[in-house]
Amino acid sequence: MKNDTKHPWWYYKYFNQIFSYNRNYKEEIEIILSIRNIEGLSIIEIGAGTGNHTKFILDNKPEKLFLFDNDKESIKILKNKFSEYKNIGFYVSDGFNYSNKIDSEIELVISTFSIIQQVSNFDEFYMRCTSILKFLSNKGLFIF
């Protein structure tokens, strides 16, 4: 049987314990809100994981929210957790080359883990940042 996930079986069971240590996801979104109101915006969240930031983003009523994670199991968790929302798109992708997937003008890109966690050198970091900037609207904001 082919494994469609990027992580071992226990990763999802313990995800919150692993990544929530000394983290306040609500406060992190509140920091973003102190910079920009997100109500009515089209937003991309790269590296959405299990949706710890997502629920606080949704509380602030974006027009559209596009969730990217390069792990199929994370996307399954996100779809299950946020199935009642009609303004969400779910994508198995690293989120850095998504021009063919989005039909909205993107006004905000949020990448709290993926932009730094999964790169091995500055050139790769630079490539990811510039790929994001190509798809943002003129007044769009990229927060990582």
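**Getting to know this fold**

Of the 144 residues in this predicted protein model, 42% are buried, where buried means under 20% relative accessible area, exposed means over 50%, and partly exposed is in between (1.4 Å probe, protein chains only). Residues are numbered from 1 along each chain as its sequence is written.

User: Which helix has the lowest mean pLDDT among the elements?

Analyst: pLDDT is the predictor's confidence in each residue, from 0 to 100. The protein averages 83, and 78% of the residues score at least 70. Helix H4 (residues 54–58) has the highest mean among the elements, 96.

User: How are the rings of Phe68 and Tyr91 arranged: stacked or edge-to-face?

Analyst: Rings of Phe, Tyr and Trp (its six-membered ring) pair if their centres lie within 6.5 Å; planes under 30 degrees apart are stacked, over 60 edge-to-face, and the rest tilted. The structure holds seven aromatic pairs. For Phe68 and Tyr91, the centres are 4.9 Å apart and the planes meet at 20°, so the pair is stacked.

User: Which strands does that Phe68 and Tyr91 pair tie together?

Analyst: Both Phe68 and Tyr91 are buried. They are 23 residues apart in sequence, so the pair ties together parts from two strands. Phe68 is in strand S2 and Tyr91 is in strand S3 (residues 88–92), so the answer is S2 and S3.

User: What is the angle between the planes of Phe125 and Phe144?

Analyst: These two rings form an edge-to-face pair, 5.6 Å centre to centre. Phe125 lies in helix H7 (residues 122–135) and Phe144 in the segment after strand S5 (136–143), so the pair ties together parts 19 residues apart in sequence. The angle between the planes is 70°.

User: Which residues of helix H3 are buried?

Analyst: Helix H3 covers residues 25–35. Seen down its axis, the buried residues fall within an arc of 50°, so they line one face of the helix; the arc is that of the directions from the helix axis to the C-beta atoms. They are Tyr25, Ile29 and Ile32.

User: Is Ser137 buried or exposed?

Analyst: Ser137 lies in strand S5. Leaving aside neighbours within four places in sequence, it is in contact (heavy atoms within 4.5 Å) with Glu105, Ile106 and Glu107. Its relative accessible area is 13%, so Ser137 is buried.

User: What separates the C-alpha atoms of Asn70 and Gly95?

Analyst: Asn70 lies in the loop between strand S2 (64–69) and helix H5 (72–81). With a relative accessible area of 25%, Asn70 is partly exposed. Asn70 and Gly95 are 25 residues apart along the chain, and their C-alpha atoms are separated by 7.7 Å.

Technical notes
Predicted model: local features only at pLDDT ≥ 70, side-chain atom pairs only at ≥ 80, totals over all residues. Heavy atoms only, no water. Helix = DSSP H or I, 4+ residues; strand = E, 2+ residues; numbered from the N terminus.
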